[in-house]
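Me: I want to learn how to read the features of a model like this one. Can we go through them one at a time?
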Amino acid sequence: MLDFYERYPDILLHLKGIDRASLKPDLIESLDFHGKRQREIFDVAQFYKIDERAQVMLHDLSAQMQEDGLDSMFNNVRLPFPAMLLTVPEPKVGEWPAALITQDDNVLYSQIYLANNHGLFPNLLIFKSQGASVDILHSPTFALSQVIGDKVTEEEAIKQEKSLCVGFLAMAVGMSILFEHKAMLEKEEVPAYPRAERRRVQKSGRTLPNKSIIKVKLGELGRRQLEATSDKREANEESSPKRRAHWVQGHFMRNRSGGISWRNPHIRGAGPLLEQERHLSSNED
């Protein structure tokens, strides 16, 4: 992705078989500025690599936040970095999504990228979120697609990117809040490029960006949260007040100051807690 935008828009024009001279100067100017701006954002963005089990938990929580109407309050949450690139495990089928989310005061901007065996598909839209309103902006890539005759309508682009945008944005907000609660999520910062690759590139006379990746996985309470969510699905929260001791899932809620708070998962029920071995994957709905 970084390499793509290092060569944007020329790499896109090359792939499309388009000569720069055939495009209007204002479109070329817009494409060049977009590429420059993307490079600036990636330069300051923190990269997050979310593992499979953490993705399952964050996905469940993001769906619950949207169901509870908390998505209108996302911009009240301060992200840990002004720009975040979120990646998830590659799916077994379909395209592999990633999201770039930036925060400017109380406005959030989200961009969705899709990749497959044929390469990277840059975002066509930019979603601007402020309070309950979401404005849809066209990226210069979308303008280019219209000029060269790609049969992609705004409606199709929205259908492809909007639900992913909302899901990733909810995960970013949830992750930012949960980082403040011990044992929900664990972070490990590692170099973005292996030492061997750095040496190889240096020998060729080039340098790689000094970037790191934060790997995100479940902490102890995060694992309990996932267990409680699965237990709720299986047992459908039995109504008997004498139900055996079990983990109850945590949840986000509105606080008195108008923000979003988190209540940790906890134990409820009678008798000793019986541990069960579980196998959970991101294929669960």
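Me: Let us start with one side chain. Does F42 count as buried or exposed, and at what relative accessibility?

Reply: A caution first: this is a predicted model. Burial is read from relative accessible area, with under 20% as the limit for buried. F42 has 3% relative accessibility, so F42 counts as buried.

Me: How many aromatic pairs does a search of the whole structure find?

Reply: The search finds ten aromatic pairs. A pair of aromatic rings is described by two values, the distance of the centres and the angle of the planes. Take Y5 and F42. Their ring centres are 5.7 Å apart and their planes stand at 35°, so this pair is tilted.

Me: Where do Y5 and F42 sit in the chain?

Reply: Y5 is in helix α1, residues 2-6, and F42 is in helix α3, residues 25-44. They are 37 residues apart, and the pair links distant parts of the chain. Both Y5 and F42 are buried.

Me: What are the centre distance and plane angle for F42 and Y113?

Reply: The centres of F42 and Y113 are 6.2 Å apart, with the planes at 40°, so this pair is tilted. F42 lies in α3 and Y113 in strand β4, residues 107-116, so the pair ties together parts that are 71 residues apart in sequence. Y113 has a relative accessible area of 0% and is therefore buried.

Me: Which residues form one aromatic cluster with F42?

Reply: The cluster consists of F4, Y5, Y8, F42, F47 and Y113. Two of these names lead on to other features. Start with F47: K211 lies over its face, at 4.8 Å from the ring centre. Elsewhere, K187 lies over the face of F179, at 4.4 Å from the ring centre. Then take Y8. A cis peptide bond joins Y8 and P9, with omega about 5°. P9 belongs to the loop between α1 and α2.

Me: Which strand pairs with β4 over nine bridges, and in what sense?

Reply: That is strand β3, residues 96-104, in the antiparallel sense. Strand β6, residues 125-130, runs antiparallel to β4 with three bridges. There, S110 has F127 in β6 as its bridge partner. Strand β5, residues 119-121, also runs antiparallel to β4, with three bridges. A115 stands opposite L120 in β5.

Me: What should I look for in the turns?

Reply: Look at the number of linking residues and at phi. The hairpin of β3 and β4 has two residues between the strands, and D105 there takes a positive phi near 55°. D105 is not a glycine. It has a relative accessible area of 57%, so D105 is exposed. The hairpin from β4 to β5 also goes through two residues. β6 and β7 form a hairpin with two residues between them, and G131 in that turn has a positive phi of about 65°. Six bridges join β6 to β7, residues 133-138, in an antiparallel run. In that pairing, S129 stands opposite V134.

Me: Which residue has a positive phi of about 80° although it is not a glycine?

Reply: That residue is A183. It is found in the loop between α6 and β8. At 27% relative accessibility, A183 counts as partly exposed.

Me: Now the helices. At what angle do α3 and α5 pack?

Reply: Read the angle, the axis distance and the handedness together. α3 and α5, residues 140-147, pack at about 145°, with axes 9 Å apart. The crossing is left-handed. On the α3 side the meeting residues are L27, S30, L31 and H34. On the α5 side they are P140, T141, A143, L144 and V147.

Me: How many helices and strands does the protein chain have?

Reply: The chain has eight helices and 13 strands. Of its 285 residues, 42% count as buried. Among contacts with a separation of 6 or more, residues 24 or more positions apart account for 63%.

Definitions and conventions:
Residues numbered from 1 in each chain as written. Predicted model: local features only at pLDDT ≥ 70, side-chain atom pairs only at ≥ 80, totals over all residues. Heavy atoms only, no water. Phe/Tyr/Trp six-rings, centres within 6.5 Å; stacked < 30°, edge-to-face > 60°. Helix = DSSP H or I, 4+ residues; strand = E, 2+ residues; numbered from the N terminus. Buried < 20%, exposed > 50% of the residue type's maximum accessible area, 1.4 Å probe, protein only. Lys NZ or Arg CZ within 6 Å of the ring centre and 35° of its normal. Pairing = 2+ DSSP bridges. Axes fitted to C-alpha atoms, helices over the stretch in contact; angles between N-to-C directions. Left-handed = near helix turned anticlockwise from the far one by under 90°. Contact = heavy atoms within 4.5 Å.
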